[in-house]
Amino acid sequence: MEKTQQQILRHHGGDGEHARQMITQTYERRHDTDFWEFWNEQMAPVISHGDCLLDLGAGTGQFVSDLALRYPHNSALGIDAADYMLVAQEALPENGRMVKGDLNEPQVNIEDGRVGVAMASMLVHELPQPINLFKAVYKWLKPGGRFCIIDLVRRPLAEYLEHKFPDGQLFKTDVERDEMEDVFEHFLEHNRYHADDILYMLKGVGFTVIENTPQRDGRFVRIVVEK
Ligand SMILES: C[S@@+](CC[C@H](N)C(=O)[O-])C[C@H]1O[C@@H](n2cnc3c(N)ncnc32)[C@H](O)[C@@H]1O
């Protein structure tokens with residue numbers, strides 16, 4: 001757990017509070033009407049009363065709270081490893097719960113086949129390897145259960161830099177060494193996988209692909225797979 005916590009903090013630029021702020025502030029925008037339309041079409045139909053609804057890398061539990069409120073006949077469970085996320089936990093409805101767990105080596109006590117749907121939003125690029133998690137999710141899901149991954153995917157350096165420094169500002173202005181090094185380090189971390197790499201791992205574990213949709217000019221992907 002300690003090693004994972006250090007990895008996460010390093011990925012979050014050494015400033016956990018700032019990372020928490022960024023993620024909580026962008027939550028509503030990322031979970032807008034389009035998102036819930038998608039959810040209702042692709043994820044909701046496979047949820048049955050009593051299924052556990054799982055959020056992996058749940059941050060402060062915003063999505064867990066939404067799930068618990070939308071599905072009063074189900075339990076919603078969020079897992080996160082970072083103390084700076086867990087200390088700022090949302091007040092959750094009775095059927096919502098957050099637990100501390102390391103998804104690099106999932107040991108959370110979930111009965112096999114108990115989970116109806118699982119979500120991993122902006123998590124996979126933060127893991128040194130996602131295979132252990134994908135195997136665990138496959139075990140936890142019921143047959144016909146679905147797993148949704150939303151994450152950053154690989155793209156060319158030019159596009160990445162143009163998004164960070166629009167209109168060629170990187171070349172036209174003086175950018176501090178620290179800022180520049182930070183951007184280049186994040187380029188590596190945020191460009192870890194092509195969507196096909198994620199699909200390759202998911203299929204290897206046994207999942208069937210339901211959806212593979214580029215998002216936000218191809219900077220992100222939304223993948224849905226089924227057990
Ligand atoms: C970018 S945040 C996304 C939070 C939330 N899913 C959202 O979309 O608003 C990624 C989260 O994954 C958590 N995380 C990263 N690696 C983890 C691991 N190995 N085990 C558990 N949580 C992890 C981080 O602590 C962080 O809260």
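## Ligand site and sheet in a predicted model

A nitrogen atom of the ligand lies 3.3 Å from an N or O atom in the side chain of asparagine 104. The protein covers 96% of the 600 Å² of accessible area that the ligand has on its own.

**Around the ligand**

- The ligand is surrounded by 19 residues, of which the closest are Arg30, Gly57, Asp80, Leu103 and Ser121.
- Sorted by class, the shell around the ligand consists of nine nonpolar, six polar and four charged residues.
- Arginine 30 places a polar side-chain atom 2.8 Å from an oxygen atom of the ligand, whereas serine 121 has a backbone N or O atom 2.9 Å from a nitrogen atom of the ligand.

**The sheet**

- Seven strands make up an open sheet with mixed pairing, and their order is β3-β2-β1-β4-β5-β7-β6.
- Because β3 (96-100) and β6 (208-215) stand at the edges with a single partner strand each, one side of each is left without a neighbour in the sheet.
- On average, and with direction ignored, neighbouring strands of this sheet are turned by 15° against each other.
- Strand β5 (residues 141-152) and strand β7 (residues 220-226) run antiparallel and are joined by seven bridges; leucine 152 has phenylalanine 220 in β7 as its bridge partner.

**Helices packed on the sheet**

- Helix α5 (residues 62-70) packs on the sheet and touches β1 (52-56), β2 (75-80), β3 and β4 (115-121), while its direction makes about 175° with that of β2.
- Helix α7 (residues 131-140) also packs on the sheet, where this helix touches β1, β4 and β5, and its direction makes about 145° with that of β5.

Conventions: Residues numbered from 1 in each chain as written. Predicted model: local features only at pLDDT ≥ 70, side-chain atom pairs only at ≥ 80, totals over all residues. Heavy atoms only, no water. Near = heavy atom within 4 Å. Polar contact = N/O pair within 3.5 Å; in protein donor to acceptor, adjacent residues only side chain to side chain. Areas by Shrake-Rupley, 256 points an atom, 1.4 Å probe, with all protein chains shown as cover. Nonpolar A, V, L, I, M, F, W, Y, C, P; charged D, E, K, R; others polar. Pairing = 2+ DSSP bridges. Helix = DSSP H or I, 4+ residues; strand = E, 2+ residues; numbered from the N terminus. Axes fitted to C-alpha atoms, helices over the stretch in contact; angles between N-to-C directions. Contact = heavy atoms within 4.5 Å.
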